[in-house]
Amino acid sequence: MQAVRTAAAARLAEMGWPTRRDEYWRWTDPATFAAEEVPESEAFRVERPIFSGMDKLRLVFTDGVFDAAASDDAALAGVEISRLANAPKWAVDAVGSLEAAGQKPVRRPLAALNTARATDGILVRVTGRATKPLHISYRQSSNTSDAILHHYIKLEPGAELTLLETGTAGARANLVMEVDVGEGARFHHIRPQGRSVGHRVVSAIFARVGAQAVFKSFTLSMNGRLTRNEAMIEIVGDNAVAHIAGAALGDGADDDFHHDDTVFITHGAVGCESRQVFKKVLRHGAVGVFQGKILVRNGAQKTDGYQISQALMLDDSCQFLAKPELEIYADDVKCSHGSTTGAIDETALFYLRSRGVPREEAVALLVLSFLADAIAEIDDETIAADILARLEEWLARHRG
Amino acid sequence: MNGDQEVRDGVDRETVDAVRNMGSYKYGWATDIETDYAPKGLNEDIVRLISSKNGEPEWMLEWRLTAYRRWVEMVEPSWAMLNYPVIDYQDQFYYAKPKSMTQKPQSLDEVDPKLLATYAKLGIPLKEQMLLAGVEGAEGVAADARRVAVDAVFDSVSVGTTFKKELAKAGVIFCSISDAIREHPELVKKYLGSVVPQSDNFFATLNSAVFSDGSFVYIPPGTKCPMELSTYFRINAENTGQFERTLIIADKGAYVSYLEGCTAPKRDIAQLHAAVVEIVILEDAEVKYSTVQNWYPGDENGLGGIYNFVTKRADCRGDRAKVMWTQVETGSAITWKYPSCILRGNESQGEFYSIAIANNYQQADTGTKMIHLGRDTRSRIVSKGISAGHAQNTYRGQVSMHPRAKNSRNYTQCDSLLIGDKCGAHTVPYIEVKNHSSRVEHEATTSKVDDDQLFYCRARGIGEEAAVALVVNGFCKDVLQALPMEFAMEAQALVAISLEGSVG
């Protein structure tokens with residue numbers, strides 16, 4: 001593993017730190033992610049557990065370190081789990097490889113930093129259909145913890161896994177997950193990010209999706225001073241499916257709220273489908289950023305690529321900054337993108353109010369309907385119901 | 001493109017043929033004429049030489065030198081999706097003037113017949129009374145009702161301007177920018193560089209230092225310009241860059257429609273063109289600016305062609321000011337062009353309609369910027385890109401709603417069509433919204449041009465493709481028909497091409 005870390009450190013040294021002058025950092029300041037000193041953030045201690053009614057295998061990381069006492073026994077049929085420090089043979093050449101490949105054409109120094117300096121992480125090899133979801137639960141106890149976690153998930157052909165990722169990993173967190181979805185395998189990822197209002201997190205998913213495989217990822221963000229969620233998804237096999245969705249609700253009154261989704265989906269095979277669905281609800285000076293790209297390589301015919309980014313602004317102090325990109329080198333494709341920004345639809349609000357719905361409730365209803373397309377990307381109904389409950393709690397807390 | 005290539009569903013044969021035929025460039029001949037060149041290369045002395053050749057006052061020279069000194073320190077931008085060999089800025093001529101223009105002709109009658117013949121051959125006869133003789137007015141409009149005043153620019157100099165006297169009667173100033181610097185210094189001083197500052201970007205700064213000629217327009221308050229104005233740019237000399245500068249001022253309540261055309265001979269070596277167009281629009285004024293850009297695109301193997309780096313910007317300074325850019329981009333080997341609107345005045349409006357067609361090895365990176373600063377401002381962007389052969393076509397645009405731009409609205413639609421599997425089509429929009437009462441919509445699908453209009457058409461039995469064509473053509477038509485001579489027909493044909501097959 002030391003060789004992997006050294007190679008990543010060399011990549012980082014060659015690239016240099018990210019700056020506002022980088023094309024994909026123009027709207028988000030990377031300075032605090034790279035700073036030597038961790039900006040302080042108070043841990044949120046009374047977070048109500050999510051997905052508590054589900055049977056799952058839970059692995060806990062506190063301030064970026066595996067917490068064996070709080071975790072379940074890592075035994076699950078068809079799933080091999082080990083820690084980054086005890087990398088099994090299959091993982092030695094794999095760890096860091098998708099991150100390294102994902103450095104082109106846009107450099108991602110913070111991901112290289114992660115590979116070089118990861119404090120911990122898990123390596124998962126799925127050989128069959130996992131009978132229950134794997135749950136990575138993050139906890140923050142220190143106000144200055146700096147969690148750098150690196151996970152690698154490998155799904156062998158035909159394997160299936162649902163991965164839940166919850167909580168705040170640290171006052172500052174740098175999370176990288178590499179996912180190799182083999183032929184015909186299915187990977188579902190659900191990520192409600194933590195509730196401590198002041199935390200800063202930069203995350204990156206590097207995925208490789210094989211033929212007939214399915215990759216699906218959904219993220220819910222409702223807090224965090226600064227969040228940057230990156231995803232680099234490379235579709236390499238024919239007839240594969242990759243969906244990535246996100247719902248972010250930000251209230252700048254809690255603390256600053258700056259939320260950035262940066263997504264690159266590359267179609268390198270024939271007959272594949274991709275969807276990017278990102279919705280942001282902003283109030284009190286919250287800032288939302290979306291940078292999404294669909295790249296269709298030459299020869300990736302019959303591609304169906306779709307991307308939507310929308311912001312709902314609840315008051316006048318918010319900002320939404322979007323760069324929805326298409327880069328297409330094949331002619332027989334169907335690619336589209338849309339991006340809209342605006343306030344609550346006054347006509348819809350009037351309709352609800354004229355039927356006796358109080359204003360606050362009407363707004364909450366319209367916010368939920370605005371987010372519906374993103375929530376619909378969650379296949380599992382139990383999971384979707386839990387996510388919806390979280391949303392309703394947020395709306396109840398942020399009225400008026 | 002391969003002649004027997006299979007045409008895919010949704011793109012009809014006519015569209016493919018029409019685009020393919022664009023490979024035959026009609027304006028590729030050169031005029032054999034004696035030309036005076038400035039020495040090759042670029043330095044302060046060349047800037048001084050251009051200034052003195054134009055008989056400029058000292059303040060203008062200083063302005064140029066300031067720009068030159070800034071340019072020397074600037075780096076050529078590389079963010080566009082364009083791939084071209086490094087340009088050697090010292091291996092160019094920056095000034096080329098036909099010898100016969102050494103003594104500036106007092107009237108069009110004195111202009112070298114060879115030059116007049118060149119423009120006649122291009123379909124731009126520089127004669128007032130028969131300007132459109134032999135060209136049928138569209139839809140039966142009498143030819144004399146569609147008069148267009150022309151400023152003809154040949155390499156580095158303006159050859160002549162038609163209808164000057166008649167325009168002067170209405171108070172309209174239409175002349176070459178070099179004449180304006182001498183004759184209307186107060187206007188030039190006030191407005192030159194006020195929309196595109198001297199050191200705005202690498203290419204605009206280069207232009208500020210070495211621009212040789214271009215057009216100047218001033219429309220006085222409350223005046224509707226009695227005819228359309230047009231500038232025709234022709235590059236003839238080899239190895240010579242053209243750097244024209246256009247300044248248009250529409251005073252309060254004024255209106256003008258301005259047309260621009262350009263062509264160049266076929267040459268194996270790429271030529272540089274870096275222009276700046278500045279438009280100032282005051283309260284209640286309106287400017288329509290239409291371009292048919294038909295510079296030599298290079299041959300089917302990508303040899304030669306014009307490298308076209310253009311900065312065009314309109315500043316809606318007053319309330320209710322309005323600007324409309326329409327561009328039909330068919331030429332140039334490289335296009336780097338983003339006609340922009342600064343919507344400063346309250347209730348001001350900006351519109352951008354673009355058709356960009358790239359064939360063979362052409363590369364186009366073009367789009368617009370809509371900067372909303374005033375409240376209740378409106379903007380609309382409709383961009384159609386067609387790529388064929390090995391071409392790369394990129395829409396790059398920015399829509400920015402500032403915090404003060406309350407209740408503003410933007411609608412953007414970008415459609416791309418690829419013909420063949422060797423080309424590329426890309427969309428790079430930047431959207432920045434900083435207030436919540438504004439609405440911004442961006443889409444790159446053809447299913448929602450304008451739902452109401454589309455629904456109206458569909459409800460009357462018109463198919464989706466025809467309905468979209470009707471809607472888009474509806475708002476393009478006025479502008480496209482206003483283009484002079486065969487350009488109108490050509491541009492209309494191009495619009496039809498761009499729509500066919502782009503739906504569904």
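## Helix packing in chain B

In this predicted model, helix α2 of chain B, residues 44-53, packs against helix α3 of chain B, residues 58-72, at an angle of about 150°, and their axes lie 10 Å apart. Because angles over 145 degrees count as roughly antiparallel, that value makes α2(B) roughly antiparallel to α3(B). The crossing of α2(B) and α3(B) is right-handed.

On the α2(B) side the contact is made by B:Glu44, B:Val47, B:Arg48 and B:Ser51, which meet B:Met60, B:Leu61, B:Arg64, B:Leu65 and B:Tyr68 of α3(B). Sorted by class, the residues of the contact of α2(B) with α3(B) comprise five nonpolar, one polar and three charged.

## Overall form of chain A

Chain A contains eight helices and 19 strands. Its radius of gyration is 20 Å, close to the 21 Å that the globule rule gives for 400 residues, so chain A is as compact as a globular protein of that length.

Two packed helices are described by the angle between their axes and the distance between the axes. In chain A, helix α6 (residues 346-354) and helix α7 (residues 359-375) have axes that come within 9 Å and cross at roughly 130°, and α6(A) and α7(A) are therefore oblique to each other. Their crossing is right-handed. The residues of α6(A) that take part are A:Ala348, A:Leu349, A:Leu352 and A:Arg353, and they meet A:Arg359, A:Ala362, A:Leu365 and A:Leu366 in α7(A); by class, this contact of α6(A) with α7(A) has six nonpolar, no polar and two charged residues.

Helix α7(A) also packs with helix α8 of chain A, residues 381-397, at an angle of about 150° and with the axes 11 Å apart, which makes α7(A) roughly antiparallel to α8(A). Here too the crossing of α7(A) with α8(A) is right-handed. A:Ala364, A:Val367, A:Leu368, A:Leu371 and A:Ile375 in α7(A) meet A:Ala384, A:Ile387, A:Leu388, A:Leu391 and A:Leu395 in α8(A), and the contact of α7(A) with α8(A) has ten nonpolar residues, with no polar and no charged ones.

## The contact between the chains

The contact between the two chains takes 27 residues from chain A and 26 residues from chain B. On the side of chain B that touches chain A, the elements that give two or more residues are β21 (409-419), β22 (424-433) and β23 (439-443) of chain B. The largest share of that side, ten residues, comes from β22(B). By class, the side of chain B that touches chain A has ten nonpolar, nine polar and seven charged residues.

## Local backbone features

Most residues other than glycine have a negative phi, and most peptide bonds are trans. In chain A, the peptide bond from A:Lys104 to A:Pro105 is cis, with omega near 5°, and A:Pro105 lies in the loop between α4 (97-101) and α5 (109-117) of chain A.

In chain B, B:Asn239 has a positive phi of about 60° although B:Asn239 is not a glycine. The loop that holds B:Asn239 runs between β7 (228-234) and β8 (245-250) of chain B.

How values were computed. Residues are numbered from 1 along each chain as its sequence is written. Chains are lettered from A and ligands numbered from 1 in the order in which they are written. This is a predicted model: local features need pLDDT of at least 70, side-chain atom pairs count only at pLDDT 80 or more; totals for chains, interfaces and linings use all residues. Two residues are in contact if their C-beta atoms, placed from the backbone, lie within 7 Å. Helices (H or I, at least four residues) and strands (E, at least two) are DSSP runs, numbered from the N terminus. Ala, Val, Leu, Ile, Met, Phe, Trp, Tyr, Cys and Pro count as nonpolar, Asp, Glu, Lys and Arg as charged, and the others, Gly among them, as polar. Axes are lines fitted to C-alpha atoms, for helices over the stretch in contact, and angles run from 0 to 180 degrees between N-to-C directions. Angles under 35 degrees count as roughly parallel, over 145 as roughly antiparallel, 65 to 115 as roughly perpendicular and the rest as oblique. A crossing is left-handed if the near helix is turned anticlockwise from the far one by less than a right angle, and right-handed if clockwise. The radius of gyration is taken over C-alpha atoms; the globule rule is 2.2 Å times the number of residues to the power 0.38.
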